[in-house]
Amino acid sequence: MNYSSVELANLLSGKLEGNDNLQIVKPARIEDAVEGDVSFIANLKYIDFAYTTKASVLVVPNDLQFEKKISCTLIRVADSYSSFGKILQLFNVVAEEKKGIEQFSFVDSTAKISENVYIGAFTYIGKNVSIGKNSKIYPYTFIGDGSVVRDNTIIFS
């Protein structure tokens, strides 16, 4: 599902600077983003990417100042890191329906896996791990020995 830039700004209670009618297709890393993507800057070491990214929208801190012209639409927020987490969750609604254990995952025989759990490909689940019901563990994630993942938890690599 696509969202407009103004819908994302409203979701984040952010201030929109730029085009309020852009259609956003998916979230992406700032260095890999293309037109139709939304990305973010939470750490200033990524600020140079703001000048070259192809993302349509960037979520940035309220006080971030740019030295050069930015071509993307900005959404200014108090906390860009947690705000981008909300965007990831919004775009993840369809993926939340996933269940089961994908191929190429390792799940130790002592692990306790509850109902309606999703474990993505290339995930490692160690000894005596407990994974609560309705949890989603996305590909390339490491869950170490003895870890407890509570009900309804979502973990990305």
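A salt bridge here is a side-chain nitrogen of Lys or Arg within 4 Å of a carboxyl oxygen of Asp or Glu. With that in hand, a search of the whole structure, which is a predicted model, finds 4 salt bridges. The views below visit several of them, along with two other spots.

**View 1. The whole protein, for orientation.** The protein has 2 helices and 17 strands. Along the principal axes, its C-alpha atoms fill a box of roughly 55 × 30 × 25 Å. Of the 157 residues, 40% are buried. The accessible surface comes to about 9,300 Å², and carbon and sulfur atoms account for 51% of it.

**View 2. R76 and E17 join in a salt bridge.** Here the closest N and O atoms are 2.8 Å apart. The pair links distant parts of the chain, with R76 in strand β7 (residues 73-77) and E17 in strand β2 (residues 15-17), 59 residues apart. R76 is buried, at a relative accessible area of 10%, whereas E17 is partly exposed at 27%.

**View 3. K26 meets D37 in a salt bridge.** Look for the closest N and O atoms, which sit 2.7 Å apart. D37 is buried, with a relative accessible area of 2%, while K26 is partly exposed at 38%.

**View 4. R29, E31 and D32 form a network of salt bridges.** Within this group, the side chains of R29 and E31 come together at 3.4 Å, N to O. R29 counts as exposed because its relative accessible area is 52% and the cut-off is over 50%. E31, at 34%, is partly exposed.

**View 5. D108 is a buried acidic side chain without a salt bridge.** You will find D108 in the loop between β9 (106-107) and β10 (112-113). The nearest side chain of opposite charge is K127, 5.4 Å away; D108 has no salt bridge with K127 because the cut-off is 4 Å. The side chain of D108 does make a polar contact of 2.5 Å with that of T110. Setting aside neighbours within four places in sequence, D108 is in contact with I125, G126 and K127.

**View 6. F104, F122 and Y140 make a nonpolar surface patch.** The patch covers about 400 Å². One of its members, F104, is in the loop between β8 (100-101) and β9. F104 counts as exposed, at 61% relative accessibility.

Conventions. Residues are numbered from 1 along each chain as its sequence is written. This is a predicted model: local features need pLDDT of at least 70, side-chain atom pairs count only at pLDDT 80 or more; totals for chains, interfaces and linings use all residues. Side-chain values use heavy atoms; hydrogens and water are left out. Helices (H or I, at least four residues) and strands (E, at least two) are DSSP runs, numbered from the N terminus. Buried means under 20% relative accessible area, exposed over 50%, partly exposed in between (1.4 Å probe, protein chains only). Lys and Arg count as positive and Asp and Glu as negative; His and the chain ends are not counted. A polar contact is a pair of N or O atoms within 3.5 Å; within protein, one must be able to donate a hydrogen and the other to accept it, and residues adjacent in sequence count only if both atoms are side-chain atoms. Contact means heavy atoms within 4.5 Å. Patches are made of residues with over 30% relative accessible area and no salt bridge: like charges are joined within 9 Å, nonpolar side chains (Val, Leu, Ile, Met, Phe, Trp, Tyr) within 5 Å. Accessible areas come from the Shrake-Rupley method with a 1.4 Å probe; for residues, only the protein chains shown count as cover.
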